[in-house]
Amino acid sequence: MEDIIISTLQRAMVAGTPLLLATTGEIICERSGILNLGVEGVMAIGAVIAFIVTMITGHPWLGVVAAMAAGMAISVIHAFASITLKANQVVSGLALTMLGLGLSGLIGKPYVGKPLLIKMEDLNLPWLSDIPWLGKILFSQGPFFYLAIALALASWFFLEKTRLGIQVRSTGENPKATETQGINVTMVRYLSVIIGGGFSALAGAHLSISYSKSWIEGMTAGRGWIAIALTIFALWNPGRAIWAAFLFGGIFVVQYLLQPLGISPNFLAMLPYIATLFILLLISFKDPKKLNAPAMLGEPYNRGER
Amino acid sequence: MLSRLFFKKSIMKKIKCLEMKSISKSFHGIPANQDINLSIESGEIVGLLGENGAGKTTLMNILYGLYQPDSGQININGNRIRINNPVESISHGIGMVHQHFMLIKNHSVIENIALGYKGTPFFFPKMKIREKVHLFSKKFDFRIDPDKKIWQLSAGEQQRVEIIKALLNGAALLILDEPTSVLTPREIKELISILRGMKAKGHMIIFISHKLDEIMEICDRVIVLQKGKIAGSADTKDTDKKSLARMMVGRDVVFNINKEKLAKGKKVLSVENINVNGDKGLPALNNISFELFENEILGVAGVSGNGQRELAEAITGIRPILSGKVKIKGRDITNKSPRCIYDNGVSHVPEERIRFGIAPGLFLYDNAILKQHHLKKFSSRYFLRYNRIKNHTKTIVNKFKVSTHSINTRVRNLSGGNIQKLILGREVSEQPQLLVASHPTYGLDVGATEFLRKHLLELRKQGSSVLLFSEDLEEIFELCDRIAVIFDGRFMAVLDSDDERLCDIGLMMAGSKKI
């Protein structure tokens, strides 16, 4: 029994890792006022590029870097449409998702079902991994796990404790006031969207080269959408995103615990999505003012308008 | 003490004198500033007085780098400079506190200040800024909690945050745009003492206002703008409110009535002691009472933002009335629905015609019956009778000379003047008892203005009454039988338009005289 619980929690951490990466990216993006619904598509692009590059070169980290570069590049489309052209951000984001899913399917066609033989070794942190229970769960994980947590903490520090962070948050709250203070709102927003895209692609890379070590079309399986929901659930705070993401990671793997009890596996597979609906429902009961959503989230900024 | 001295020296930019020379600026061919000269020296407070639209804010936006002047130049300490954007303006030592604060409501005072301050460190910016805010609070006696969020602060405190922002960036010249319009009387006193303290420390201040009392109290010198030109300037100690008011309004009031005399008819509207709140939940109208009769136009004069919009909305049912009564021909219509009030014979030409007067994406004929679609003649059960509607629209278009190539076009394609003609045509087509017209000719060209004014007089002749809100005194004097002057939610006077006491209308609009 003990083993089952430890291994379930261990897997929950692994399943939560891509959610955390994508959520952190979306938080940075949304704090600057841009809603990016393209996470799912960018994740798929990241997954396929990481897989192909790793397979060809044999270096997983090269794959990761290539995936992030691709994710950032494709996010520029959304940035251009929503910031420069001031288009509807929902439409542009949805388009990015469709583009990403379609493009990844096309590029990845020859690689479907091929196993990845290169492995990313788990890192057993000295001493810490010897702690009973916690050591196995938290301190002998793959490198993506540590990376995700480090990036989430760094993002929190960036947003709350640096000058540029204040500029990003101010841009999302009141771009006009921010601009009168001499800050380039357009640049801040571009930067945020592109960084967010890099995070999403990183999440995708984790899926294909570390989590399942294979590529199949549609393998992101709605995780991008869950990340968008988690952004709200975490109240746009990367620190809170850490436990929110791993909670959802737990929901992803709890099905393996419950299957022996005779519950239909099809129902169990729905759990993460039901839970997403549930938290969105829960959060909608909260006073919108206390949610602290960026005030100008989703609103294009027109300089000339008063 | 030593550190304070050092602090002051290191931060305040040195401007001994600043001059704006023969500045002109026009928008789309309409001049907003014409050949304006202004100069200010260290330790001086200069008032910029004028009505709305006189060009005060345009002039200051030029100084702050938001607009470029068409001609003229700006000198600091005798050297010509160019100001291309606010950042350059700040670096020259100019700071501006906008009428609508440029603050991020959900952020703390510190975060707002750190945003624009050039010396903000990259890591842990809040620690350093907290120190600075404390220093400033002491220096100018500000009393402000740097960790509070902006939305938790009063308007006066928010204004102080804006002032700190400007001072931290080294502003030697501070421009305050209508700084007292959002403050309580006590906060105004505090602001005045802060400004005096800054003056003593060598800052120069440009104080924009249309309130005479404040200008007289705070400023050393006043420059009066009227219709984009300098109407005069004077040292406050050598002038009085009356002559300033005359300069602001532009002339001794001339009576130029070419409308025919009509005897007052029966009473149409009576407003009894109404109290109404503004958008922010603060009182906007204070015990307003008046009556309006058939064949009469009552004009409400005043600087905008003194309760005109709230009064129009209260009468037409858009804004709740807290206490008091509004009656039409003896029927109580207080807090009835806008449609019910319309059906009782009250029409409304609203202030912002595009936002509230029409549905821009709908066709001309749809807009022509926006308020009458429920009438039997335009609809039967669930369906609209488009034949009749289109005929009705054609009648309006012809009668009111709306120039459009077809009634099957979307209203957003029409010019402002034509939209306004259409709205007026729609509003008067049911022969209203009362027409509430808010700034009906605002922004229209001469031809359309003339046309609309004639129609208001026509309506008066037909036995209706009109409640006219306008900032254009010429219009008020030309059209109205009686004139009410509104200031701060109260009527300063309700007088016949040929009453000689209206010579002081400028004083009344500025709140310095009540009859």
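**Close-up views of a predicted two-chain model**

**View 1. The interface between chain B and chain A.** In this predicted model, 26 residues of chain B are in contact (heavy atoms within 4.5 Å) with 20 residues of chain A. B:M102, B:L115 and B:F122 supply 28% of the area that chain B buries against chain A, more than any other three residues. Between them the two chains bury about 2,100 Å², of which 59% lies on carbon and sulfur atoms; buried area is the accessible area (1.4 Å probe) that two parts lose on being put together, summed over both.

Residues are numbered from 1 along each chain as its sequence is written, and chains are lettered from A and ligands numbered from 1 in the order in which they are written. Because the model is predicted, local features need pLDDT of at least 70 and side-chain atom pairs count only at pLDDT 80 or more, while totals for chains, interfaces and linings use all residues; side-chain values use heavy atoms, with hydrogens and water left out.

View 2. The rule finds 1 salt bridge between chain B and chain A, a salt bridge being a side-chain nitrogen of Lys or Arg within 4 Å of a carboxyl oxygen of Asp or Glu. The side chains of B:E111 and A:R169 meet in a salt bridge at 2.7 Å, N to O.

On the side of chain B that touches chain A, at least two residues come from each of α3 (86-91), α4 (109-116) and α5 (125-140) of chain B; helices (H or I, at least four residues) and strands (E, at least two) are DSSP runs, numbered from the N terminus. The most is given by α4(B), with 4 residues.

View 3. B:K132 lies in helix α5 of chain B. The side chains of B:K132 and B:Y117 are joined by a polar contact of 3.2 Å.

View 4. A:S208 is found in helix α9 (residues 185-211) of chain A and is buried, at a relative accessible area of 0%. Its side chain reaches the backbone oxygen of A:A47 at 2.7 Å. Leaving aside residues up to four places away in sequence, A:S208 touches A:A47, A:A50, A:F51, A:L116, A:K213, A:S214 and A:M219. A:K213 belongs to the loop between α9 and α10 (223-233) of chain A and has a positive phi of about 50 degrees, although it is not a glycine.

**View 5. Helix α9 of chain B.** The buried residues of helix α9 (residues 241-249) of chain B are B:L244, B:A245, B:M247, B:M248 and B:V249. Their cover includes β3 (45-49), α8 (212-218), β9, β10, α17 (473-479) and α18 (505-509) of chain B.

Definitions and conventions:
Polar contact = N/O pair within 3.5 Å; in protein donor to acceptor, adjacent residues only side chain to side chain. Buried < 20%, exposed > 50% of the residue type's maximum accessible area, 1.4 Å probe, protein only.
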